[in-house]
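User: Can you walk me through a model I've got open? I'd like to start with a helix and then move on to the rings.

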Amino acid sequence: MGSVFKKFTAQDKALIPFNAHKQYDFTSASAASNSLTWFNSSWTSESISLYSSASAIYGGDTKNVIKYNQIDHLFYRNFKKDIGVRFGNNHYLNQKRELYEKANILSIPTGLYGHEIKPGSFYLSSSTYEVIDDGYGNLVRYDQKDLIDTNYETDVRSRILDIGPINGFKRYDLNVYDGYTVDGIDQYFYLDGVKRVNPISSYSTPEGDEYDDSYFYNLLQYKNVNFSSQTLNGGNFPCIDFNSTILPSIKVGHKGDFNFNKNDDFTISFWAKINHGGGGTSYLVSKSTTKEANPGNFPELHNSASNPYSTPYEIEAEPQFPFEIYAIGNQIYFSRSDGEITTTINGTFTLNTMTYFTCRVKDGTMAIFKNAVSLVTGTDNTIKQTQNTANIYIGNKGGKEKYLNGSISQIQIYNKAITNTQIGFHLNHGNSSPYIGNIFYKNGFITITHPKYLSMLAGANIIQSLQFQGSHQIYEHEYQCTIEEHEYNNTTNISARKIGSIYEQKIAGFQTSSVFKPYVTTIGLYNESNELLVVGKLAQPIRMSNETDTTFVLRWDT
């Protein structure tokens, strides 16, 4: 045999990365044996658990508070504002992240998913539901995967007001400082074990800013309200409670987005439980009656007895208004006015029962839906503009009268007419969202956050099938070895000796012929210590040329 040695230069080497996708399929048993773990977690404002005396030395935290707080800190808290510091890829138009009081967390080891979980490859089925990822980091139901845009309004730019409130669970009990229960006993302490001297009976927005849950960060103000957990079609969601005796209110400042004139389509939806009795009147959601003004334009308002210091001042608004939704007895009303013509439609509902209402204007037709069923329709007869500069008030009329006694939740205003189909699916999901949770591809975390679907990972042996593809980054090493025409033109193979022996020194006569050309069968790579690192066997011998250079390309993956 013959050989030639060549020293590589930097130009002879190349490193090419690429991803290889490996398919995995687990059940509960195989997932556990491969170190896939899942937890039920719950919120508390503490950073660590208060372990009871009966707890194991490293256990006892059935709420998995630390895991919840880590997920919240890394992926959810202020993710719309602090998008630059969030882990993983995200885009506010494509990904929705909502974290309620409880969450299920599935953790996949890095050794399995590698560089990342391949987007669009995740599938999880349990005894209750099947979910997949949509390729953008959202989990959706498998049976709805192809109809999300048809069944739900998912464009975040169309939902111009959204008051869940998602974080209402943090104010269920205004007097619990640490938000935690030890051995079944609520810890009603303010600081250092000292009870609150003056218990808090209702919540009002403190000094500073408070915003809604939409992507437009509408500034809002709570006054004398409380928060509670209520079941909305299978899931427990935060609700806002109104006690009419303490004059409760929610105020959202005027914004041009809420001015719907003639020929403008829009939709207002919310859950409400109204307890004002058969003869009561409660305003639910309205943009009428009251607006804010600069006191400099109204000298009579300066140092008035009703509002001596606060600015801006509130005065009567224009007579026209884009919408009023209110209830009298067991009748719900939907009104619009251009200042001269007022159009009102109304229908019946059951008092003291949580009900999903949708008020819609579409192509000049006003409609009220009760639990996704059309209750009443009518023609919008307004002629002139209905826009005004009033605030939006929720739970009262103009911040002054007709206060709601009851509960309201998931208050959403859309700048379009959502379809009958969408109204039905919004009802079924409680918060109008098709998204069950999130998948963080580069971190191996899967979260179930929608209150209706928390049973998916609740308990052992719950996983029927867990499938995903791990993207493992592989590097292709490429070496180019060029043999010049004069560097390899003979061989020491014994078949080319005069006598077929390793001891024979004389070459056979045919080697001196001009048509003789040696063949290459093997290529090896050595390090600086002449240690063989890689051997490449050619599929067939390659004949060399003494007229031109010959280049071999050797590739292998690591």
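This is a predicted model: local features need pLDDT of at least 70, side-chain atom pairs count only at pLDDT 80 or more; totals for chains, interfaces and linings use all residues.

User: Which residues of α5 are buried?

Analyst: In α5 (residues 420-428) they are Gln422, Ile423, Gly424, His426 and Leu427. Buried means under 20% relative accessible area, exposed over 50% and partly exposed in between, with a 1.4 Å probe and protein chains only. Helices (H or I, at least four residues) and strands (E, at least two) are DSSP runs, numbered from the N terminus.

User: And what covers them?

Analyst: The cover includes α4 (148-151), β15 (266-274), β22 (355-362), β23 (365-370) and β26 (406-414).

User: OK, rings. How many aromatic pairs are there?

Analyst: The structure holds 24. Rings of Phe, Tyr and Trp (its six-membered ring) pair if their centres lie within 6.5 Å; planes under 30 degrees apart count as stacked, over 60 as edge-to-face and the rest as tilted. With centres 5.5 Å apart and planes at 75°, Trp43 and Phe169 are edge-to-face.

User: Where do Trp43 and Phe169 lie?

Analyst: Trp43 is in the loop between β2 (37-42) and α2 (65-76), and Phe169 in the loop between β8 (159-163) and β9 (181-182), so the pair ties together parts that are 126 residues apart in sequence. Trp43 counts as buried at 14% relative accessibility, and Phe169 is buried at 2%.

User: What about Phe266 and Phe323?

Analyst: That pair is tilted, because the centres are 6.1 Å apart and the planes at 45°. Phe266 lies in strand β15 and Phe323 in strand β19 (residues 321-328), so this pair ties together parts 57 residues apart in sequence. Phe266 and Phe323 are both buried.

User: Switching topic: is Gln320 buried or exposed?

Analyst: Buried, at 13% relative accessibility. Gln320 lies in the loop between β18 (313-316) and β19.

User: What does the side chain of Gln320 reach?

Analyst: The backbone oxygen of Gln387, at 3.1 Å.

Terms used
Residues are numbered from 1 along each chain as its sequence is written. Side-chain values use heavy atoms; hydrogens and water are left out. Contact means heavy atoms within 4.5 Å. A polar contact is a pair of N or O atoms within 3.5 Å; within protein, one must be able to donate a hydrogen and the other to accept it, and residues adjacent in sequence count only if both atoms are side-chain atoms.
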